[in-house]
Amino acid sequence: MFVRRENARVFFRLYPVVSILVILHVVTWFMFFLSLSSAEPLWERMIGFNAAIREGEYWRLVSPLVFHVRFEHMMINSISLLLFGPALEQMLGKSKFLLLYIGSGVGGNIASFFLLPAMYSHVGASGAIFGLFGMYGYLIVFRRDIIDHQHARLLLVVICISLFIAFTNPDLNMVAHLFGFLTGGIIAPFISSRLRPHRPFLLHR
């Protein structure tokens, strides 16, 4: 289910939204890593910063979703997107998948704005990634016609491990992770009425 056998060209054709998001992760991280002078003003204007959001810079609720400071953070989020995004992009279609991804990330960032200090700043796609897990959680519980028992158990293990890491790692934005997950679960019933079949989920029926 989560093993990718396509070459890069085929993968991009089948899953363009996932592909573009991962490319944005990598490109923006390199801009930060190389300390490009032209990128510094962009970085300062795009990171999530609660005090700036309070002053009306609401784009900061969205823009942090493609920025990462640490290489390992960028890699974990990109690999998670490559593993768990394609099935949902295929089932939902490009527009609904993007709505789920961005909506979950924004949900996590809104929660961070209200629940964390005014001077708190953040970047990363973790809230959006956890929104995908929220969608999977909804499908496992309420759409058993979509995901068979074996795949459901695997996904539940992944979700539980991911939530455990988010709650026990003090360096992570627990609020964004949790509320990204909850937002994904809330969005799920509104976008899952007409799911396209994803064959690997049904192999064991």
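Q: Buried means under 20% relative accessible area, exposed over 50%, and partly exposed is whatever falls in between (1.4 Å probe, protein chains only). Which of those is arginine 45?

A: Partly exposed, since its relative accessibility is 42%. Keep in mind that this is a predicted model, where local features need pLDDT of at least 70, side-chain atom pairs count only at pLDDT 80 or more, and totals for chains, interfaces and linings use all residues. Residues are numbered from 1 along each chain as its sequence is written, and side-chain values use heavy atoms, with hydrogens and water left out.

Q: What does arginine 45 pair with in a salt bridge?

A: Glutamate 57, at 3.5 Å from N to O. A salt bridge here is a side-chain nitrogen of Lys or Arg within 4 Å of a carboxyl oxygen of Asp or Glu. Arginine 45 sits in helix α3 (residues 39–46) and glutamate 57 in the loop between α4 and α5, so the pair ties together parts that are 12 residues apart in sequence. Glutamate 57 counts as buried because its relative accessibility is 17%.

Q: Which residues make up the salt-bridge network there?

A: Arg45, Glu57 and Arg60 are linked in that network.

Q: How many salt bridges are there in the model?

A: Four. Among them is arginine 70 with glutamate 72, whose closest N and O atoms are 3.2 Å apart. Arginine 70 is partly exposed at 36%, and glutamate 72 is partly exposed at 43%. There's also arginine 143 with aspartate 145, at 3.1 Å between the closest N and O atoms. Arginine 143 is buried at 18%, while aspartate 145 is partly exposed at 44%.

Q: Zooming out, how many helices and strands does the chain have?

A: Nine helices and two strands, counted as DSSP runs numbered from the N terminus (helices H or I, at least four residues; strands E, at least two). From the N terminus, the order is α-α-α-β-α-α-α-β-α-α-α. The radius of gyration is 17 Å, close to the 17 Å from the globule rule for 205 residues, so the chain is as compact as a globular protein of that length. That radius is taken over C-alpha atoms, and the rule is 2.2 Å times the number of residues to the power 0.38.

Q: What about the overall dimensions?

A: The C-alpha trace spans about 55 × 35 × 30 Å along its principal axes. Buried residues make up 50% of the 205. As for contacts (heavy atoms within 4.5 Å), look at those between residues at least 6 apart in sequence: 79% of them join residues at least 24 apart.

Q: Back to details. Is glycine 48 buried or exposed?

A: Buried, at 0% relative accessibility. Glycine 48 is in strand β1 (residues 48–49). Leaving out residues up to four places away in sequence, glycine 48 touches Arg60, Pro64, Tyr120, Ser121 and His122.

Q: And asparagine 50, where is that?

A: In helix α4 (residues 50–54). Asparagine 50 is buried, also with a value of 0%. Beyond residues up to four places away in sequence, its contacts are Ser112, Phe113, Leu116, Pro117, Ala118, Tyr120 and His122.

Q: What does serine 80 touch?

A: Gly85 and Ile129, again not counting residues up to four places away in sequence. Serine 80 is in helix α5 (residues 71–92) and counts as buried at 14%.

Q: Now the outside. Which residues form the nonpolar surface patch?

A: Ile110, Phe114, Leu115, Phe179, Leu182, Ile186 and Phe190, with about 750 Å² of accessible area together. Areas come from the Shrake-Rupley method with a 1.4 Å probe; for residues, only the protein chains shown count as cover. Patches take residues with over 30% relative accessible area and no salt bridge, joining like charges within 9 Å and nonpolar side chains (Val, Leu, Ile, Met, Phe, Trp, Tyr) within 5 Å.

Q: Which helices supply it?

A: α6 (94–115) and α9 (174–191) each give at least two residues, and the largest share, four residues, comes from α9. Leucine 115 is in α6 and counts as exposed at 53%.
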